Amino acid sequence: MFVSNAVAQSSKVPTRRQDVSCLARLLANLNHIVLLGLSGALLAACATREGVEISSTLHSTTAESAFVLPPPGGPSIVSVIERRYSNATQQDIAVATNAATSGQNLIRVQFFGPVNRAAAGDTALPDTALRDGNLAAEMRAQLPGIRMQQSPYYVQNRYGPFGYSVGRSSADLCLYAWQRIRAGKGKTSITSNRGSIQIRLRICEAGATEQKLLGFMYGFSINASFDDESWNPYGQPASPPDTLGVPGTPVYPVGGTSFETVTMPVAVATAPARQRTPPPQAGSSARAPEPLPQPIGPAVPPPPNAVSPGNNPVVPAPPCPAGEGGQNADCN
């Protein structure tokens, strides 16, 4: 019994030949695994795109996808470049121009709000208040060499107040405007009236007036928003005046006041109007003769015994027949 148990236990102990065969199988499997890993890496390298990679945070988009649309009849959209930040999305909307001033007419709009994290960039865009120093630096970059005059007037469009500066470059008139749209202080909360919009307008046009260029700020339309209920930089809409529709408060059809300019208007030289002689009418008389020239030299006296133009001539009486005559006769 003891011998049989010893033989059984000795059969379970691996021999040296079994160890070598096991090690060989392990090495073969390891080589197979390494080859599979190398082949996968080679396939991944072949599938990798060659050349420079295109940034996913900066791309061109269509004019229909522009965040801001020009006013009706305004300059057309040429191109739209969109860039995504970690806290905002920015678009540079280039519009058509006929000016000789170097540079591109541009609308820059920045939407601050809950961006899509999967498509957002790593850099944050500062959402700062409007300061004169920052605006002056922006104008120098967009309109180099042009002396800009800031408007002292308070203006606002349907989105709120804004500011602008005007300057001339040869025959071109240039305008740079800025606006920040956000709900007022004390009107924002975690669940409502969040976010903001920054707008910049750089536009130059040959022979334009301030009123025409400024009409862009009154006529553009914002065409986008974040898909979030808490995002509302406009705040609550204003209520109508208390006197609207109330008896005893008449409303007259009175227009606005005159437009005040920042720069002096350029006087346009006009040619003198030509006086046209009307053609002679049919059936009219012939052309009147021209007057004779005045005599030149000293006046010549009339000859002797000449009749004065102002007196009647004296005619002598006829001779009387023979036997007639007298004082009262009509003959000599």
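Accessible areas here come from the Shrake-Rupley method with a 1.4 Å probe, and the exercises below apply to a predicted model.

**Exercise 1. The chain as a whole**

*Solution.* Then consider the architecture, which consists of 4 helices and 11 strands. Finally, look at the contacts with a separation of 6 or more, where residues 24 or more positions apart account for 60%.

**Exercise 2. The nonpolar cores**

Determine how many residues the largest nonpolar core has, and which of them have the most contacts inside it.

*Solution.* As background, nonpolar side chains in soluble globular proteins tend to be buried together. In this model the largest nonpolar core has 33 residues, and those with the most contacts inside it are Val109, Phe111, Tyr164, Leu175, Ile197, Leu201 and Ile222. The next step is to ask which elements contribute: at least two residues of this core come from each of strand 4 (88-95), strand 5 (106-112), strand 8 (160-169), strand 9 (172-181), strand 10 (196-206) and helix 4 (210-219). Another core, of 10 residues, lies apart from it, and includes Ala99, Met139, Cys174 and Cys204. To see one member of the 33-residue core in detail, take Ile222, whose contacts beyond its neighbours within four places in sequence are Phe67, Val68, Phe111, Tyr159, Ile181, Ile197, Ile199 and Tyr234.

**Exercise 3. A pair of aromatic rings**

Explain why the aromatic pair of Tyr159 and Phe220 ties together separate parts of the sequence, and decide whether each residue is buried or partly exposed.

*Solution.* The structure holds 10 aromatic pairs. In the pair of Tyr159 and Phe220, the rings are 5.5 Å apart centre to centre with 20° between their planes, and since planes under 30 degrees apart count as stacked, this pair is stacked. Now locate the partners: Tyr159 lies in the loop between strand 7 (155-157) and strand 8, whereas Phe220 lies in the loop between helix 4 and strand 11 (221-222), so the pair joins parts that are 61 residues apart in sequence. As for accessibility, Tyr159 has a relative value of 21% and is therefore partly exposed, while Phe220, at 2%, is buried. Both residues also belong to one aromatic cluster, together with Phe67, Phe111, Phe226, Trp231 and Tyr234.

**Exercise 4. The disulfide and a buried serine**

*Solution.* The structure holds 1 disulfide, formed by Cys174 and Cys204 with their sulfur atoms 2.1 Å apart. The link is right-handed, with 115° about the S-S bond. Cys174 is buried at 0% relative accessible area, and Cys204 is buried at 2%.

Continue with Ser165, which is found in strand 8 and, at 1% relative accessibility, is buried. For Tyr176, the C-alpha to C-alpha distance from Ser165 is 5.4 Å, although the two are 11 residues apart in sequence.

Methods. Residues are numbered from 1 along each chain as its sequence is written. This is a predicted model: local features need pLDDT of at least 70, side-chain atom pairs count only at pLDDT 80 or more; totals for chains, interfaces and linings use all residues. Side-chain values use heavy atoms; hydrogens and water are left out. Contact means heavy atoms within 4.5 Å. A nonpolar core is a set of buried Ala, Val, Leu, Ile, Met, Phe, Trp, Tyr and Cys residues joined through side-chain atoms within 4.5 Å. Buried means under 20% relative accessible area, exposed over 50%, partly exposed in between (1.4 Å probe, protein chains only). Rings of Phe, Tyr and Trp (its six-membered ring) pair if their centres lie within 6.5 Å; planes under 30 degrees apart count as stacked, over 60 as edge-to-face and the rest as tilted. A disulfide is a pair of cysteine sulfur atoms within 2.5 Å.
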